[in-house]
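Here is a briefing on how the chains of one model meet and what surrounds one of the ligands. Look over the structure before reading on.

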Amino acid sequence: MDGFTFAHFQYLLNGLGWTIVLSLCALVLGAIGGFAIMLGRISGRRWLRNCALAYVQLVQGTPLLIQMFLIYFGLGVIGVEVPALVAAALAMMLYSSAFLGEIWRGCVNSIARTQFEAAEAMGMTRWQSLLDVILPQAARIATPPTVGFLVQLIKNTSLASVVGFLELTRAAQVINNSLFQPFLVFGIAACLYFAVCYPLSVWSRSLERKLNAGRR
Amino acid sequence: MPAAVKLENVVKRYGALEVLKGVSFDIQPGEVVALIGASGSGKSTALRCINRLERIQQGRIEVCGREVSDEAIDLRALRQEVGMVFQSYNLFPHMTVGQNVMLALRRVKKIARPEAAEIARRVLTQVGLGEKYDSYPEQLSGGQQQRVAIARSLAMQPRVMLFDEVTSALDPKLTGEVLRVMEDLARGGMTMVVVTHEMAFARRAANRVIFMHQGNVHESGDASILSDPATPELRDFLEHDL
Amino acid sequence: MPAAVKLENVVKRYGALEVLKGVSFDIQPGEVVALIGASGSGKSTALRCINRLERIQQGRIEVCGREVSDEAIDLRALRQEVGMVFQSYNLFPHMTVGQNVMLALRRVKKIARPEAAEIARRVLTQVGLGEKYDSYPEQLSGGQQQRVAIARSLAMQPRVMLFDEVTSALDPKLTGEVLRVMEDLARGGMTMVVVTHEMAFARRAANRVIFMHQGNVHESGDASILSDPATPELRDFLEHDL
Amino acid sequence: MRYEFNFIALAPYWEDFLSGAWVTIQLTVASVVFGLIIGVLCAVARRSQSVPLRTVAGAYVETVRNTPFIVQIFFIFFGLSSVGMRMPILIAAIFALVINVGAYTAEIVRAGMEAIPEGQIEAAQALGLSRFQIYRDIILMPAIEKVYPALTSQFILMMLTTSIASQISAEELTGVANNIQSNTFRSFETYIVIGLLYLVVTFLMRGTFWAIGLWAFPRRRKLGMA
Amino acid sequence: DLQQIKDAGRIRIAVAMGIPQYSYIDGQMQPTGSDVETAKLLAEDLGVRLELVEITNAARVPTVQTGKADLVVSALGITDERKQAIDFSVPYATLAIIVAAPESEDIAGYEDLTGKRIGVTRATTNDQDITANTSGAEILRFEDDATLITAAVSGQLDIISSQSAVLGGVNDKRSGNPLETKFVQKETNLGIGIAKGNPELLEWTNDWVRTNFDNGRLREVFTEFHDRDLPDDLTSR
Ligand SMILES: Nc1ncnc2c1ncn2[C@@H]1O[C@H](COP(=O)(O)OP(=O)(O)OP(=O)(O)O)[C@@H](O)[C@H]1O
Ligand SMILES: Nc1ncnc2c1ncn2[C@@H]1O[C@H](COP(=O)(O)OP(=O)(O)OP(=O)(O)O)[C@@H](O)[C@H]1O
Ligand SMILES: [Mg+2]
Ligand SMILES: [Mg+2]
């Protein structure tokens, strides 16, 4: 057991690859789910609103780790065989859809109700008003918090190790288990995370500034 | 000929607060009616009930022969008859002036793009904004925005227009321009209900004045009631007019 | 006796845009001056320069004998002399009406709470809002908010008050009330600068009228210039007044 | 179905579950309080005129926000003991959590401050208030009120993050769950139980934040916005 | 089941990576250790391809319980409680667990741990043993051996309970004041875990363990990594 080698670094990069794949899955699937949750949360139907709210509360109220575990092994228990990637993607989708749904609902709500009224007063349907008038405006406000959430999501993919994913954090743990040099190994892992997340953070903030400037 | 707008004993409550307490009035086709009254007397609420942005608790509202208070009313059809210009314009900030005007033409009336664009240009020219077609709302002054809002409603060729304080915060010159547009419309036979707090404007624009007081129609008549009010409330309201 | 407010050749630029192009005027203690002019002519900017919310690029401004354009000026002292009522009120939404009025009394003048509360009640009563002491701004109608903003400035007993379009969006009755408050203040000897786009208001409130046009003082004189303008620009501006 | 659920097997461990929940709550409360203080200070620092102050605060916020918590907690726990500071586990965990949540809080509060309309500040200036007074009375409280829902969510997320403190041997809910399931091998049952306990803690937190909001922002109560 | 494994031509064996000497990653980033090599032998003899399922400590039992893997060969001690959840083969190896501390500490048995701060790896036999036999000790439970070692190296801890193989790693990194074995807690029998309801697979595995223990292959693999021998009577314990 000697020092940190290039092979170790490749192993970490490989882990980073999985981290990115999982994050993209979570983002894409979560965006679809989150859109549905957002629609549910602003729906005119009370039962739909309540269902969406209950979903959000449930998912936001339990750790992702436990959700992963219950989905991966839980589906196994009831006899549904899912590959780890599917289970992890499913759990991340549930998780991110709850958060994205809430973020987007906030953005839609922050578009003044009068915009809805103006559209409806011209005879447009609710759906047309949403698509043509509300969403394009909400999308602008929603970009910074969505990117901000994505940064957190990338780091949370580390929890997928419980279902056997060798993503970046787990790869670092495995290496540390043979090298016992936590500062070095985790330091490098932290740098890799930083290299991915920081540009996103910067981008998110420049977007925020641009949008704020537009509003003043 | 049926009334263009008819309210019968309309009651509107927000929770415990009764905002309209049994309002009745008729507006004939082609009439221009000014709705005046103190702040909080229910003028905006009355307009909003007329095009069913609010539901009423009692009474009836009829617009161009349609029963507005009917639960099963076809809202889209109603709103093609009734245009509304909001106090705060409510333009869509992410669309150009042209797109603002075209939107409902294309989505509601399903008019093809080139034709809709042509209509948009025409009504914008009518309100003196032909050259602002490609500007965004925030690039316009207040008065220009207000006129875009008017054009946006006009493009749909409604039979009734509801104006909510369209000249607040405009300087005299811009107020004059809006007034001119409305006079054109009146000549074209459009029915209009105008909420305003500028008495000079009411006097000039309206055939008839309705004075609201604490959720009721308190006095109404032609513009002469503004110089010769019958009730002490209207007299008190006007007293401070400069 | 020195002028209460004195501008000498004031130039104010935003980047390349020259908004004030060498404005000069004097206002004597106790005078009420109406500042009129088209939208964008620089009226609000002039007010903001007077209490140093904006720095100027050239010229001098003096308020009650203090050199405003001096870099080392004691801003807090200046602002105890000059009160400002903003066009958009700018009440603090998280405080009650009473707290809004008391804030500066307690923080700036270091007046104890009970005494400050008493002053707040008194000025609120003066503007007819005694019973709104515990309400929050958003529970008030527009006119009431405007009067709270006036009370908030008044409580500090400034020697000069700057009013930026304080009567837009008020109905005649409320406009009349605000006018009455201002007349009281004028009788008390307060110096006031009033930006307005309502000519009737200017006519009634002001001893003197200053007409701004494209960043310059274009014409000034007593209220009679409103009926008998000397320059074609002022004539054009007034032409549309109803 | 091959698996038979057996929650009875967990019954002897109920005290352990509760003590785990209690540790989680302690970690959470301490981190919320100190995290909020750090966050507000950093938000103010990031808006200050002083370049060094801004840079330091910015570097802290960016470093923490863009690296995973587990790395941070390792560095703090083992890093400090390497230089001879051996502190109780709970304190070390709280220290790491505060540093983490402080950075997120700083960003949220800063966004709230930036959303205060310029006119509010001008009005306060025109009344003669000093910079400090304006910060305290006109910017900070309304900013926190504006972002209160976002803060609540962030603190709940942080509460869920405390589970990582089990890595450095804190006996909070997740750590306790791992102990119990290694004894009983009733993994699902254990995870379901702690899932429910986390939900309970979440609801407690939401309730507490709601109550604090009522007290701290009387306007919301009076206007029925809460 | 056994037939299904043969039909599929591959066997899935779960291994928790990161148990020093039993399963870890070598310099070429290849999994190795006594458990990994045992798994390779087993697959070879069954005549199927080996598919290693790399998991975490906590997931060892659920992974076979829910059929994510056919077997778990991962330093899993045979206990009565675990037997209720899964089936075990006869023992194929042992885990010697010890208490270690610097020379200066005067520790000879569990009772000397009272009032001391001792580190263990969570969810292991050590953890259970120390928890059951000490009173008044401050027990720190870390999620894996590496974290425990780091704690001992960085000075958070002086006393650890772990498997003997860990000691080398600790003393390599620890600056002075090396840890030494104070007493042996016990030697736990390790079994191969199988989901309940697979009698054929269980039987085949038992036969395989006995055969290969007797012919010395399993003992060879073990000694290669652990510097000690397995007891002779292991498979009949
Ligand atoms: N959504 C609402 N919920 C509760 N009360 C409301 C609501 N909308 C309006 N009100 C109340 O109804 C009353 C009438 O409001 P309305 O907007 O119709 O007044 P208005 O005559 O248009 O006054 P203004 O001249 O100030 O615009 C007011 O007292 C107002 O507070
Ligand atoms: N912060 C700023 N940056 C750039 N330009 C500005 C800024 N503030 C004002 N202006 C410009 O300065 C000019 C004068 O503005 P000002 O607000 O003084 O006009 P005003 O006379 O008060 O008009 P109104 O009657 O519409 O209030 C306008 O053209 C405006 O666009
Ligand atoms: Mg209104
Ligand atoms: Mg202005």
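The points below cover chain pairs, two interfaces, record annotations and a ligand site.

This is a predicted model. Six pairs of chains are in contact, and chains A and D share the most contacts among them. Chain B also meets chain A, through 21 residues of chain B and 18 residues of chain A.

**Interface of chain A and chain D**

- Chain A puts 35 residues into this contact, and chain D puts in 42 residues.
- The two chains bury about 3,400 Å² between them. Carbon and sulfur atoms give 67% of that area.
- On the chain A side, Val77(A), Phe183(A) and Arg205(A) supply 17% of the buried area, more than any other three residues.
- Two salt bridges are counted between chain A and chain D. Arg205(A) pairs with Glu62(D) in a salt bridge, at 2.5 Å from N to O.
- Seven residue pairs are in polar contact between chain A and chain D, with both residues at pLDDT 80 or more.
- Six helices of chain A each give two or more residues to the side that touches chain D: H2 (46-60), H3 (64-77), H4 (84-110), H6 (126-156), H7 (168-179) and H8 (182-215).
- H8(A) gives the largest share of that side, eleven residues.
- The chain A side divides into 19 nonpolar, eleven polar and five charged residues.

**Interface of chain B and chain A**

- Chain B and chain A bury about 1,700 Å² between them, with 57% from carbon and sulfur atoms.
- Arg79(B), Phe92(B) and His94(B) lose the most area on the chain B side, together 28% of what that side buries.
- Two salt bridges cross this interface. One joins Glu117(A) to Arg48(B), whose closest N and O atoms are 2.5 Å apart.
- Helix H2 (75-81) and helix H3 (97-107) of chain B each supply at least two residues of the side that touches chain A.
- H3(B) provides the largest share of that side, three residues.
- The chain B side divides into eleven nonpolar, three polar and seven charged residues.

**Chain pairs without contact**

- Chain A and chain C do not touch, and their nearest C-alpha atoms are 14 Å apart.
- Chain C and chain E have no contact either, with their closest C-alpha atoms 48 Å apart.

**Chain A in the UniProt record**

- The unreviewed UniProt entry lists residues 12-204 of chain A as "domain: ABC transmembrane type-1". In the model, residues 12-204 are 83% helix and 0% strand, and the end C-alpha atoms are 26 Å apart.
- The unreviewed entry also lists residues 20-40 and 179-201 of chain A under "transmembrane region".
- Residues 20-40 of chain A are 100% helix and 0% strand, with end C-alpha atoms 29 Å apart.
- Residues 179-201 of chain A are 91% helix and 0% strand, with end C-alpha atoms 32 Å apart.

**Ligand 2 and chain C**

- There are 13 residues around ligand 2. Ser39(C), Gly40(C), Lys43(C), Ser44(C) and Thr45(C) come nearest.
- The side chain of Lys43(C) has an N or O atom 2.8 Å from an oxygen atom of ligand 2.
- Ser44(C) places a polar side-chain atom 2.6 Å from an oxygen atom of ligand 2.
- A polar backbone atom of Ser41(C) lies 3.3 Å from an oxygen atom of ligand 2.

Note on methods: Residues numbered from 1 in each chain as written. Chains lettered and ligands numbered in written order. Predicted model: local features only at pLDDT ≥ 70, side-chain atom pairs only at ≥ 80, totals over all residues. Heavy atoms only, no water. Contact = heavy atoms within 4.5 Å. Buried area = accessible area lost by both parts, 1.4 Å probe. Salt bridge = Lys/Arg side-chain N within 4 Å of Asp/Glu carboxyl O. Helix = DSSP H or I, 4+ residues; strand = E, 2+ residues; numbered from the N terminus. Nonpolar A, V, L, I, M, F, W, Y, C, P; charged D, E, K, R; others polar. UniProt positions renumbered as here; feature names shortened; annotations may be inferred. Near = heavy atom within 4 Å. Polar contact = N/O pair within 3.5 Å; in protein donor to acceptor, adjacent residues only side chain to side chain.
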